[in-house]
Amino acid sequence: MSVRYHSQWAARTAPPAWSAALAASLLFGLPDASAFERTEQREPCKNYDALRQPFFGETHLHTALSFDASIRFVPPMPHDAYRFAKGGSVRGVGPNGFKNRTYYQDRPLDFAAVTDHSEHFGEMGVCNSADMNGRYSFECQLLRGFWWQPGLFPGSAQRSMATSAFNLLTLPNDGPSTFNTHLPMCVDGEANCFEGERRVWDQIQAAAEAYYDRSSECSFTTFIAYEMTSTPLGENWHRNVIFRNDKVVSRPITAIDLARKPNPDPNTTAPRQIVKGGPDIEKLWDGLRDQCLDAGTGCDVITIPHNSNLAGGTGPIPPMFYDPPNRAFAEKRQFFEPLVEIYQDKGASECRWDPRYAQGVQTSDESCNFELLDSPSILAASGVTAGGGGAGSPPPSAFNERMYIRNVLKDGLSLEDDKKIGVNPFKLGLIAATDSHNGNPSYNVEDQRFGGHLGIEDAIPVGDSSTIQNGSGGVAVAWAEENSRDAIFEAFKRKETYGTSGTRPVVRFFGGWNFQPSDCSGNLVAKGYDQGVPMGGDLPKQRKLAPGQAPSFIAAAWMDDYIGTPLQQVQIIKGWVENGQTLEKVYTVAGNADNGATVDKQCNRVGEGYPSLCAVWKDPDFDAKQRAFYYVRVLENPVCRYSTLICQKNYDLNPLDPAHCSSNLATLPTQQQTEAAKCCSNETTTPYVQPVIQERAWTSPIWYSPSRL
């Protein structure tokens, strides 16, 4: 259970036993065991807390069953990933392409979901089965890494092999990367891809069931899941599909099913149909409604969009968060998508501030300079096409405002006022994840052990522009009564969640109307639930506001005492609509942005921070007529990024010493120069890389609406 890593939080807020938690629930009217519906047969959890506990997990992870991991020689399968999440190890791909790297999980996760790409489940099932026709097809040879050339030097030559395989599998063959059809081996009838898909889907379910702890210890929770992956012409429509329990759809609803015109039966010889344009995302939600929610089986599901920072929006609005055409569509989105992924391996999606231009994308918040990518294209960030940092440093104007979640949240307020819509389709809670394709969930090491997230593609992450910009990913956190599927899934649905950039601070956030400064020294959690709402909620209704009355918030954070990096500050970010314009403001409510904490050139920490921070803050700029949201961002003291430590320890290059870094790089042997090519990158270069970063956490917002008065 996660709380063992957070003794400070446990000592201050956790009841000593279940009976105490129940007493608190009766006294304060707090959540108890009836707060969520139990939909599965399992033993009750011994560790139950009516005041809820933080559970740390992974909601976006790929294994060798994903085609883009398989072609990059990634060995772990779903059962390996779950074993790793519980504190084990997995084999990984080393710089020479062979399975000579081992990853060890520093500390267990509480929950995990493997989300392999569903569009090629049929192909993967055929290629991994010795008894199926098509196993020796051209596509299967690519998927199994047949076109590997031993002895090629790590770097561009090997990387181009993986890239070429991806392109051959998806782009010319009109696969789900472009026009939403199966590969030729399935379409032309060479292989029974329906059977192959069934085998893979069964394998994914079996692994999740095998590692789910149904005993009263409740030590680990798994979720059956997959990723719907549609990237037409480089536009990002990706969603992770997470099921509540073991009642799931008979087959995944994939991007192929979302084509705007039907594709031919893959087991017939009918000509392949090329369908241009993006998918019909309503087909995903409607299909999940028919085949899951309304099927009478006890199935429940949510979908989670990710990487809006790589939406690839060439038009006025990126495809992931375009304006809903009508109220019904907005309501579907709000129902099926309570959460969004704000951070993962391929960059941060909160906001964007580029210090090279001293400009942002609809923001002046300089803390939005965190883990930026120099490409708006998910293909470039994945190493499929040219781009990334090597394509130059595009100005902020090259990035659509809705590629960043804060702007999406602001626009959601405006759409709620739109007479045609009248619903906030972007009422999104926040989580984070890794999107690792190495089968190692939440391997968030920020040191020289990090070996990329995409097999051979970035096994040496500091060698290429589009790989050094990738980070080590984040962690999803859910506040739930117990570590079970039902409890955590309900936390997802009510948005009582937050995301981190890889560390595991504990963060609580409550909104109400009468919180007092003394609440930080009392039982802030009980007071928060009794007189307000937690992260993800709507401010309670008020019959009438007194003159000068404004919402007040409790924001509290405890440092990750396993990592031990002190906290620097707690901020509340507000977004609102004023005279038809969306606005934002950042308030530091606890800690000190100028505490002087930094790192020296050897990456030793300098300066003091805080083991915990708490504040009760009242909005000084509140206007009862304006819609608004508020969320917390917690910033830790600065630390060296993993790339800095790799460069220092593996190549004796120091990005913190730019005056000598480039000249020292030139003295290395040719092979090491290739491996360490981007080690001297920093905040002024292309690619953009921060040698020193501030790890952070983002909570789900709390919303205010005038109509709720």
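The following legends describe close-up views of a predicted model.

**View 1. An aromatic pair between Trp 617 and Tyr 630.** By the rule applied here, which requires ring centres within 6.5 Å, the model has 30 aromatic pairs. Trp 617 and Tyr 630 are both buried.

**View 2. A cluster of aromatic rings that includes Tyr 322.** Ring pairs connect Trp 237, Trp 285, Tyr 322, Phe 329, Phe 335 and Phe 336 into a cluster. Tyr 322 also has a charged residue over its face: Arg 333 lies 5.9 Å from the ring centre.

**View 3. A charge over the ring of Trp 576.** Here the charged end is that of Lys 574, which sits 4.8 Å from the centre of the Trp 576 ring.

**View 4. An open sheet of three strands.** The strands follow the order E10-E9-E13, and their pairing is mixed. Strand E10 (347–348) and strand E13 (429–432) stand at the edges; each has a single partner strand, so one side of each is left without a neighbour in the sheet.

**View 5. The pairing of strands E9 and E10.** Strand E9 (residues 339–344) runs antiparallel to E10, and two bridges join these strands. Tyr 343 has Ala 348, in E10, as its bridge partner.

Note on methods:
Residues are numbered from 1 along each chain as its sequence is written. This is a predicted model: local features need pLDDT of at least 70, side-chain atom pairs count only at pLDDT 80 or more; totals for chains, interfaces and linings use all residues. Side-chain values use heavy atoms; hydrogens and water are left out. Rings of Phe, Tyr and Trp (its six-membered ring) pair if their centres lie within 6.5 Å; planes under 30 degrees apart count as stacked, over 60 as edge-to-face and the rest as tilted. Buried means under 20% relative accessible area, exposed over 50%, partly exposed in between (1.4 Å probe, protein chains only). A charge sits over a ring if NZ of Lys or CZ of Arg is within 6 Å of the ring centre and within 35 degrees of the ring normal. Two strands pair if DSSP finds at least two bridges between them. Helices (H or I, at least four residues) and strands (E, at least two) are DSSP runs, numbered from the N terminus.
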